[in-house]
Number of protein chains: 2
Amino acid sequence: MTTPNWLDEVKWDDKGLVVAIAQDAHSGRVLMVAYMNRESLQLTAETGIAHYWTRSRQKLWKKGEESGHTQAVKSLRLDCDGDVITMQIEQAGGIACHTGRESCFYRVWQDGQWVITDEVLKDPHAIYHQH
Amino acid sequence: MTTPNWLDEVKWDDKGLVVAIAQDAHSGRVLMVAYMNRESLQLTAETGIAHYWTRSRQKLWKKGEESGHTQAVKSLRLDCDGDVITMQIEQAGGIACHTGRESCFYRVWQDGQWVITDEVLKDPHAIYHQH
């Protein structure tokens with residue numbers, strides 16, 4: 001792939017990555033946070049489908065490739081420092097988290113404890129073994 | 001300070017930091033992203049005022065200490081991996097970005113360019129030299 005100029009305005013870290021935040025386009029809720037490299041950001045912008053770089057598996061990761069829970073990107077923003085991306089998305093299946101919840105941020109701080117506030121919408125075993 | 005157990009549930013990176021996302025508590029808009037260490041997260045949770053760790057200056061940073069643009073934290077969430085925090089905040093002055101804008105995410109991707117969509121609400125020179 002050619003490298004468009006807009007990719008050069010992103011301040012990649014020493015591993016060639018940026019933080020990417022996926023928010024529900026309607027509610028604004030933060031659904032998940034992951035990383036992107038140049039290729040995944042370019043694919044995300046040009047296809048309108050969220051792609052990340054998985055640090056644990058060290059590969060390009062089209063979100064939903066196993067679960068079916070793809071993310072349609074409505075808009076894409078860059079911060080002042082150029083090292084964080086936000087995406088306003090529509091989440092297929094209403095589930096972004098690998099635990100089967102809408103959002104990865106299902107724990108809230110209350111009086112010195114992390115309290116789980118969100119229910120599991122679908123058993124993760126059913127999510128990852130149906131495809 | 002003593003170290004409460006809830007701080008041990010956070011997965012600190014190799015520099016002892018986590019990504020911290022500040023969102024407007026009402027609109028859900030992401031206003032800024034920075035880092036926290038143990039001390040800044042503990043202070044944030046216990047005082048209800050956002051504190052970060054500045055990597056460039058390598059010190060504890062109470063947001064707004066110079067600008068007056070403090071952040072009142074309404075709720076604090078942790079993600080499934082334990083390495084990202086979201087805060088739902090009320091932003092003093094309605095300005096989170098050092099450029100004088102509401103949000104650091106004032107550029108949107110349009111047809112292969114980052115386009116500035118947000119106006120400067122207050123001249124940064126006026127923000128940082130009045131205190």
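Helices (H or I, at least four residues) and strands (E, at least two) are, in this talk, DSSP runs numbered from the N terminus. By that definition, Thr54(B) lies in strand 3 of chain B, residues 51–54.

Before I go on, a word on the model. This is a predicted model, in which local features need pLDDT of at least 70, side-chain atom pairs count only at pLDDT 80 or more, and totals for chains, interfaces and linings use all residues. Residues are numbered from 1 along each chain as its sequence is written, while chains are lettered from A and ligands numbered from 1 in the order in which they are written.

Let me stay with Thr54(B) for a moment. A residue is called buried if 20 or more other C-beta atoms lie within 10 Å of its own, exposed if 12 or fewer, and partly exposed in between, with C-beta atoms placed from the backbone. Thr54(B) has 13 other C-beta atoms within 10 Å and is therefore partly exposed. Two residues are in contact if their C-beta atoms, placed from the backbone, lie within 7 Å. Leaving aside residues up to four places away in sequence, Thr54(B) touches Lys59(B) and Trp61(B). From the C-alpha atom of Thr54(B) to that of Val108(B), 54 residues apart along the chain, the separation is 26 Å.

Val108(B) brings us to the other chain. It is the bridge partner, in strand 7 of chain B, of Arg77(A).

How many residues of chain B are in contact with chain A? There are 31, and they meet 31 residues of chain A. On the chain B side, strand 5 gives the largest share, four residues. That side divides into 17 nonpolar, nine polar and five charged residues. Here Ala, Val, Leu, Ile, Met, Phe, Trp, Tyr, Cys and Pro count as nonpolar, Asp, Glu, Lys and Arg as charged, and the others, Gly among them, as polar. Since 100% of the interface residues of chain B are also interface residues in chain A, the copies meet through the same surface.

I turn now to the interior of chain A. Seven of the eight residues of strand 6, residues 84–91, are buried. Strand 6 of chain A pairs in the parallel sense with strand 1 over six bridges, with Ile85(A) as the partner of Ala20(A). With strand 5 of chain A, strand 6 pairs in the antiparallel sense over seven bridges. Ile85(A) is also among the residues with the most contacts inside the largest nonpolar core, which has 62 residues. Such a core is a set of buried Ala, Val, Leu, Ile, Met, Phe, Trp, Tyr and Cys residues joined through C-beta atoms within 7 Å.

Finally, helix 2 of chain A, residues 38–47, where Ser40(A), Leu41(A), Thr44(A) and Ala45(A) are buried. They cover an arc of only 130 degrees around the axis, taken from the directions from the helix axis to the C-beta atoms, which puts them on the same side of helix 2.

Definitions and conventions
Two strands pair if DSSP finds at least two bridges between them.
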